[in-house]
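Have the structure open while you read.

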Amino acid sequence: MQKLEVFGAKKLKGQIYISGSKNASLPILAATLLSRKEITLKNLPKVKDIETMINLLQSLGSITKFEGQSLVVDNSKQKKIFASYNLVKTMRAGILVLGPLLAKFGNAKVSLPGGCAIGTRPVDIHLKALSKLGVKFQILNGYVYANASKGLVGANITFPKISVGATENLIIAACFAKGSTILKNCAIEPEIKDLVNFLIKMGCKIKWIGKRSIKISGVKEVKEISYSVMFDRIEAGTYLIAAALTEGNLQIKNVIPNIIKTELNILKKIGAKIKVSRNKVNIIGKKKIKSLKIKTSPYPGFPTDLQAQIMVLLCKANKKSIIREDIFENRFMHVAELNRMGAQILTKGNKALVKGNINFVPAELMATDLRASVSLVLAALTAKGKSVINRIYHLDRGYENIEKKLKKVGVKIRRIN
Ligand code: UD1
């Protein structure tokens, strides 16, 4: 199993080019299943989750090939409706093929994603909403057997809770439903807007009709298109935090600053100096980091996917901070490892009390999930000496070329097989 050796402490200096968004690419890849033609996708990040989704598409009969940096997905012969446990178990986003398969064939057998380290993460909201489009479900041996023999029919649906995945699954499914569908209480993460832009470019009829409401009028087929996926705002946030943490001076390129306004405001509040231009952000980290009370919430709130990273930063703050995790029930698994590095974080239910003025010490560490892993890398950046992070396959699920990018801005880091 591969490990990362990180040598701290160093101030990050230079430029980092942000990759395409993993969380936008995944639903867009799933949505290519609607098509019977060729779709070209640009700016996909080269990370494990994307590889898994491409494997899943191939297992369903899609033909995929890379042409330079673009991926061409040819679904002219795609006929299979079975998404196996082997592929869905490692990546919850596998459930996103359910919507497009039902839209296209009225039939699907998709493995339930199962448990996940950061919480139970059920798919009840996806299934309940799809049933309103006329889908009948049976759950047998860990699989969802879904059937809409007369095809999907548009409906008015209000999600009981904001869910990114359920919103995506329903938007994609409704594109081919008879009549119109209105979805209310939708997640409005930028990745969902990117998915919608992709679908509209393919010829789907979708309109935002309110802050969290969307109207979809069913169409019968979609066009051959080429689409470039948006930047990864979580990767961008991670490197911005890394700069703030190490008194660094970084330029983050290939971003739309307006999309990450919440994160930039938080970083300004803690004392970092930020300058924004068209598709770049400059950040200078200051010695004094101010403490904060912060909670995670759906977009435009502070993202749960940056909670572990901001926690590392707040360990260096001048006073005690409080972090409330409002999205997932078990997303503090990084805490034990950070405490092994000298942090003093106490969790109580969904709250973490983070003591400030901590000097991290290097240690041998265990990555537990994607964002927890990167928080360990961040802590290691500030710890004088060598830290070793095990099980970095979690990191490889979502961060493209992390060592290369960090090396370029002055970090001594290497991967060991
Ligand atoms: C997506 C992101 C993930 C991010 C999360 C929240 C992708 C591939 N993943 O995950 O990185 O952390 O949004 O921003 O884009 N829930 C239910 N029933 C359901 C669905 C969800 O109870 O049917 C609950 C979940 O357990 C969780 C909350 O709703 O507590 C939000 O989950 P959701 O927004 O669906 O997250 P994902 O789409 O899985």
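A backbone N or O atom of Pro122 sits 3.2 Å from an oxygen atom of the ligand, which counts as a polar contact (a pair of N or O atoms within 3.5 Å; within protein, one must be able to donate a hydrogen and the other to accept it, and residues adjacent in sequence count only if both atoms are side-chain atoms). This is a predicted model, where local features need pLDDT of at least 70 and side-chain atom pairs count only at pLDDT 80 or more, while totals for chains, interfaces and linings use all residues. Residues are numbered from 1 along each chain as its sequence is written, and side-chain values use heavy atoms, with hydrogens and water left out.

**Ligand site**

- Arg92 puts a polar side-chain atom 2.7 Å from an oxygen atom of the ligand.
- For Lys161, a polar side-chain atom lies 3.4 Å from an oxygen atom of the ligand.
- On its own the ligand exposes 750 Å², and the protein buries 88% of that (areas by the Shrake-Rupley method with a 1.4 Å probe; for residues, only the protein chains shown count as cover).
- Helix H1 (22-31), helix H5 (124-132) and helix H6 (164-174) are the elements giving two or more residues to the shell around the ligand (helices are DSSP runs of H or I with at least four residues, strands are runs of E with at least two, numbered from the N terminus).
- H5 gives the most to that shell, with three residues.
- There are 18 residues around the ligand, and Asp124, Ser163, Val164, Asp305 and Ile327 come nearest (a residue is near a molecule or strand if one of its heavy atoms lies within 4 Å of it).
- The shell splits into seven nonpolar, five polar and six charged residues (Ala, Val, Leu, Ile, Met, Phe, Trp, Tyr, Cys and Pro count as nonpolar, Asp, Glu, Lys and Arg as charged, and the others, Gly among them, as polar).

**A four-stranded sheet**

- Four strands form an open sheet in the order E6-E7-E9-E8, with mixed pairing (two strands pair if DSSP finds at least two bridges between them).
- Its edge strands are E6 (82-83) and E8 (136-140), each pairing on one side only.
- E8 and strand E9 (residues 143-147) run antiparallel and are joined by five bridges.
- Leu140 stands opposite Tyr143 in E9.

- Strand E20 (residues 345-348) pairs with strand E21 (residues 351-354) in the antiparallel sense, over four bridges.
- Ile345 stands opposite Val354 in E21.
- Two residues lie between the strands of this hairpin, where Gly349 takes a positive phi near 60°.
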